[in-house]
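Trainee: Hi, could you walk me through this one? I have the model open and would like to get my bearings.

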Amino acid sequence: MTHSAFAPLDEARALIEPELRTYGHVVVDEAQNLTPMELRMVVRRARRRSLTVLGDIAQRTAEARLDTWEAVLADAGVDRVAIEELLVSYRVPDDFLRIAATLHPDAAVPTGVRRAPWAAVAVAAERVDVTAAELAGRMAADVGSVGVVAPAAAREPVAAALGLTSSADAGLSAGINLLGLGDVKGLEFDAAVIVEPAAILAERPDGGRGGLYTALTRSTRALAIVHAQPLPEDLAAADDLRHIRDAAPAEAWAAHQRR
């Protein structure tokens, strides 16, 4: 049973037994992946419908039909809504945000207060696993913590190239971390290596445009995309993305350090 199946069951229970335990104020994080029916579960537990709802629609990965907060909260039974958009990013560099924004041209993407010390690069590679591992090693030495984000089909080969017996062996550390699309949400690294964006777009439930946007906005200093499949057209055309076709991708990435 998926978590979405509990929403109609909770609705039925509320009709039969309306006296539920309630709270004075409820805070919901990562709310972009909740459907109106799932939010109704929360609303009925908040006295006077007092809630703080946090989320980024651009990072939506669930099929939640969420277009605007006003619409989805109205469907959930909230009649008064005050929206505050956080449009300044102190974490993700502005050039990385502009690259990610190509996936959601109509979304209100924050503006970063600084530019990354290394330009973002896209590396076309025959062996994405080997290239991703090489870049991750160099970034770990030059930048700091590295998050390697890979779709399900690529995780085991990338794990092997990183010297892990299985992708499940990769835990969070100050070094190199191998992560799936569901694991990377809410995390932050000094550098990020994104493997096969086209496969991330196709993966469900945690992929799609929201999953790729999330992956592209995990880094605070350095970003590399590794692909054998063609990049999505909008992403490939991003003005802030430098394309590399080089036998030594780590050195080519390092050469893009800004002085």
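This is a predicted model: local features need pLDDT of at least 70, side-chain atom pairs count only at pLDDT 80 or more; totals for chains, interfaces and linings use all residues.

Trainee: Okay, and how many bridges join strand 5 to strand 9?

Mentor: Four bridges join strand 5, residues 120-124, to strand 9, and the two run parallel.

Trainee: What about strand 8, how does that one run against strand 9?

Mentor: Strand 8, residues 189-195, runs parallel to strand 9, with six bridges joining them. If you want a pair to click on, Ala192 has Leu223 as its bridge partner in strand 9.

Trainee: Is strand 9 mostly covered or open? How many of its residues are buried?

Mentor: Mostly covered. Strand 9 spans residues 219-227, and eight of its nine residues are buried.

Trainee: Let's zoom out. What order do the strands of the open sheet have?

Mentor: The order is 7-6-8-9-5-10, an open sheet of six strands with parallel pairing. Strand 7 (176-179) and strand 10 (241-244) stand at the edges with a single partner strand each, so one side of each has no neighbour in the sheet. From one strand to the next, the twist averages 20°.

Trainee: And which strand pairs with strand 7?

Mentor: That's strand 6, residues 146-149, which pairs with strand 7 in the parallel sense over four bridges. Val146 has Ile176 as its bridge partner in strand 7.

Trainee: Now the helices. Which strands does helix 4 touch?

Mentor: Helix 4 packs on the sheet and touches strand 5, strand 9 and strand 10. Its direction makes about 40° with that of strand 9.

Trainee: How many residues of helix 4 are buried, and which ones?

Mentor: Six of the eight residues of helix 4, residues 94-101, are buried, so the helix is largely enclosed by the rest of the structure. The buried ones are Asp94, Asp95, Phe96, Leu97, Ile99 and Ala100.

Trainee: Which strands does helix 8 lie across?

Mentor: Helix 8 lies across strand 6, strand 8 and strand 9, and runs at about 140° to strand 8.

Trainee: I also noticed helix 5 and helix 6 packing. At what angle?

Mentor: About 50°, with the axes of helix 5 (residues 128-142) and helix 6 (residues 152-161) 8 Å apart. That makes helix 5 oblique to helix 6. The crossing of helix 5 past helix 6 is right-handed.

Trainee: Which residues make the contact?

Mentor: On helix 5 they are Asp129, Val130 and Ala133, and on helix 6 they are Pro157, Val158 and Ala161. By class, the contact of helix 5 with helix 6 has five nonpolar residues, no polar ones and one charged one.

Trainee: Changing topic: where is Gln59, and is it buried or exposed?

Mentor: Gln59 lies in the loop between strand 2 and helix 3 (69-75). Gln59 is buried, with a relative accessible area of 14%. Leaving aside neighbours within four places in sequence, Gln59 is in contact with Gln32, Asn33, Gly210, Tyr213, Thr214 and Arg218.

Trainee: Where are Arg48 and Glu196, and is each one buried or exposed?

Mentor: Arg48 lies in the loop between helix 2 (36-43) and strand 2 (51-53), and Arg48 is exposed, with a relative accessible area of 73%. Glu196 is in the loop between strand 8 and helix 7, and Glu196 is buried, at 7% relative accessible area.

Trainee: And which peptide bond is cis?

Mentor: The bond from Arg204 to Pro205, with omega near 15°. You'll find Pro205 in the loop between helix 7 (197-202) and helix 8 (208-216).

How values were computed. Residues are numbered from 1 along each chain as its sequence is written. Side-chain values use heavy atoms; hydrogens and water are left out. Axes are lines fitted to C-alpha atoms, for helices over the stretch in contact, and angles run from 0 to 180 degrees between N-to-C directions. Angles under 35 degrees count as roughly parallel, over 145 as roughly antiparallel, 65 to 115 as roughly perpendicular and the rest as oblique. A crossing is left-handed if the near helix is turned anticlockwise from the far one by less than a right angle, and right-handed if clockwise. Contact means heavy atoms within 4.5 Å. Ala, Val, Leu, Ile, Met, Phe, Trp, Tyr, Cys and Pro count as nonpolar, Asp, Glu, Lys and Arg as charged, and the others, Gly among them, as polar. Buried means under 20% relative accessible area, exposed over 50%, partly exposed in between (1.4 Å probe, protein chains only). Two strands pair if DSSP finds at least two bridges between them.
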